[in-house]
Amino acid sequence: HPCAEQAADVAASVTAISRITLQMDELEKQKKQYRAETDALARIQQQLIQKHKELTDNENAYKELTAKQQLAVERQKHEEAALNEQAARLQQSLAAADQLFGNSEWQQGWQQDPVAFGRTLERFARQWKEHTEALHRLEQQASALQAECASLASFLPSLTKQEEEAKGVHEKHQATYTSLRAERQKLLDGQSADGAEQAYQRRMEQLKARLKHLLDTQNEQHAVAEQTRGIAEQIARELSDATTDLSAKRDALTAWEDAFRETAPEGQRVEQLLDGASRERTELAFRLRTQAENRGKVSGLQKVLDKRRTESGRWAKLNDLVGSADGAKFRRIAQGYTLDVLLGDANVQLRALSRRYRLERVPGTLALQVVDQDMCDEVRSVHSLSGGESFLVSLALALGLSSLSSNRMKVESLFIDEGFGALDAETLRVAMDALESLHTQGRKIGVISHVQEMTERIAVRIQVHRMGNGRSYIEVQS
């Protein structure tokens with residue numbers, strides 16, 4: 001048949017098509033399998049990247065844990081060294097206490113009743129402190145007395161010379177007095193001074209004493225002196241008048257005696273003496289009345305003066321206690337007590353930072369000084385400290401101040417702005433150990449610094465990045 005050959009070709013074509021179809025199906029399966037394997041490979045690569053990232057994170061965490069472990073080992077060694085040092089100091093203290101008590105029986109009493117033993121030790125410490133302070137005061141007084149003795153000894157030669165000169169002047173005055181007394185005896189014909197002259201002399205001395213008393217009263221109480229000034233001037237005038245009158249009467253008496261010896265009889269002399277005595281008596285009576293009146297006035301003023309002196313004494317005591325009108329002395333005393341409490345808290349913090357130094361207050365002032373315990377308790381100025389030592393002392397004072405100001409509340413935050421750039425490696429390590437110790441106690445520590453070495457020790461960091469044009473952004477890293 002003519003189509004028989006075409007049928008064979010068609011059958012071959014159908015067979016070929018079937019085979020190609022099978023091949024296409026197989027290729028489609030392989031393509032799907034390839035796609036599945038490609039997706040699986042992509043997932044495996046993604047997992048590989050994730051695992052690689054986790055491996056990197058684990059390696060970083062391992063390094064961090066290793067660093068923390070090394071830090072913990074170093075801290076443990078430091079604490080073990082501190083414990084050994086404390087144990088050694090405890091043994092030394094126990095040995096010193098045994099030597100102080102004379103035996104070791106005090107430990108049994110301490111173990112049986114530690115509260116009573118602590119009270120006994122506190123009482124003994126207070127007594128020892130009081131005795132030490134008393135000894136210090138006595139030493140200061142002894143030093144002052146020695147200095148005063150040395151100063152007085154330096155003045156002794158000049159005083160001896162002055163004494164010799166005074167003796168010479170006294171002998172000269174004594175000779176002058178003897179000659180004047182002989183002349184006076186010769187002038188009075190060997191008789192004593194008459195009653196009027198003695199009265200005048202007594203009156204003169206009384207007026208001089210009263211004048212001096214009034215002048216002293218004027219210096220002490222100016223207000224009272226203003227009231228008594230008129231009386232003092234009157235007394236001065238009376239003294240001047242009395243002195244002038246006495247001199248005039250002495251001259252008149254001498255002239256009268258010379259003239260009377262030459263011309264007047266004995267009877268006339270007696271009458272004149274009686275008349276003069278009568279006039280003198282009248283004048284003296286008048287002066288005595290005046291003196292009594294003045295004495296009454298001065299007595300009243302003396303009561304006012306005593307009252308004012310009592311009131312002035314109370315104000316003087318109050319002035320000694322307060323010190324000044326603005327209360328500077330009282331404020332300085334209160335500040336001194338507060339500074340002592342602050343230094344007590346600061347020394348507790350400073351012992352954890354550096355056992356070498358101890359802070360003290362300069363006696364009598366509000367300034368600070370340091371005691372170098374490694375140099376046999378040598379007292380040094382705070383200006384002699386290095387930069388790192390000054391930073392540790394300042395940190396201790398800041399912590400002590402936070403303790404001082406937190407009697408009713410707990411200060412949980414501490415911010416330190418710079419101050420780490422001048423520290424050496426060892427001092428920086430000590431400072432960071434102290435800050436980490438405070439952090440473990442529950443305080444939040446904020447540090448502002450540009451020191452790169454500190455970033456390895458700080459877990460959470462806030463970095464400020466500059467963008468330009470006055471802008472910046474912050475990044476929190478942990």
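Arg380 touches Arg356, Tyr357, Gln369, Val370, Asp372, Leu385 and Glu389, leaving aside residues up to four places away in sequence. The model shown here is predicted. Two parts of it are described below.

Arg380 sits in strand β3, which covers residues 378–381. Is Arg380 buried or exposed? Its relative accessible area is 18%, so Arg380 is buried. The cut-off for buried is under 20%.

The table gives the distances.

| Side chain | Partner side chain | Polar contact |
|---|---|---|
| Arg380 | Tyr357 | 3.4 Å |
| Arg380 | Asp372 | 3.0 Å |

**Helices α8 and α9**

Helix α8 spans residues 387–404, and helix α9 spans residues 425–440. The two helices pack together, with their axes 10 Å apart. The angle between α8 and α9 is about 15 degrees. Angles under 35 degrees count as roughly parallel. Therefore α8 and α9 are roughly parallel to each other. The crossing of α8 past α9 is left-handed.

Which residues make the contact? From α8 come Gly388, Phe391, Leu392, Leu395 and Leu399. From α9 come Thr427, Ala431, Leu435 and Leu438. By type, seven residues of this contact are nonpolar and two are polar. None is charged.

Note on methods
Residues numbered from 1 in each chain as written. Predicted model: local features only at pLDDT ≥ 70, side-chain atom pairs only at ≥ 80, totals over all residues. Heavy atoms only, no water. Helix = DSSP H or I, 4+ residues; strand = E, 2+ residues; numbered from the N terminus. Buried < 20%, exposed > 50% of the residue type's maximum accessible area, 1.4 Å probe, protein only. Polar contact = N/O pair within 3.5 Å; in protein donor to acceptor, adjacent residues only side chain to side chain. Contact = heavy atoms within 4.5 Å. Axes fitted to C-alpha atoms, helices over the stretch in contact; angles between N-to-C directions. Parallel < 35°, antiparallel > 145°, perpendicular 65-115°, else oblique. Left-handed = near helix turned anticlockwise from the far one by under 90°. Nonpolar A, V, L, I, M, F, W, Y, C, P; charged D, E, K, R; others polar.
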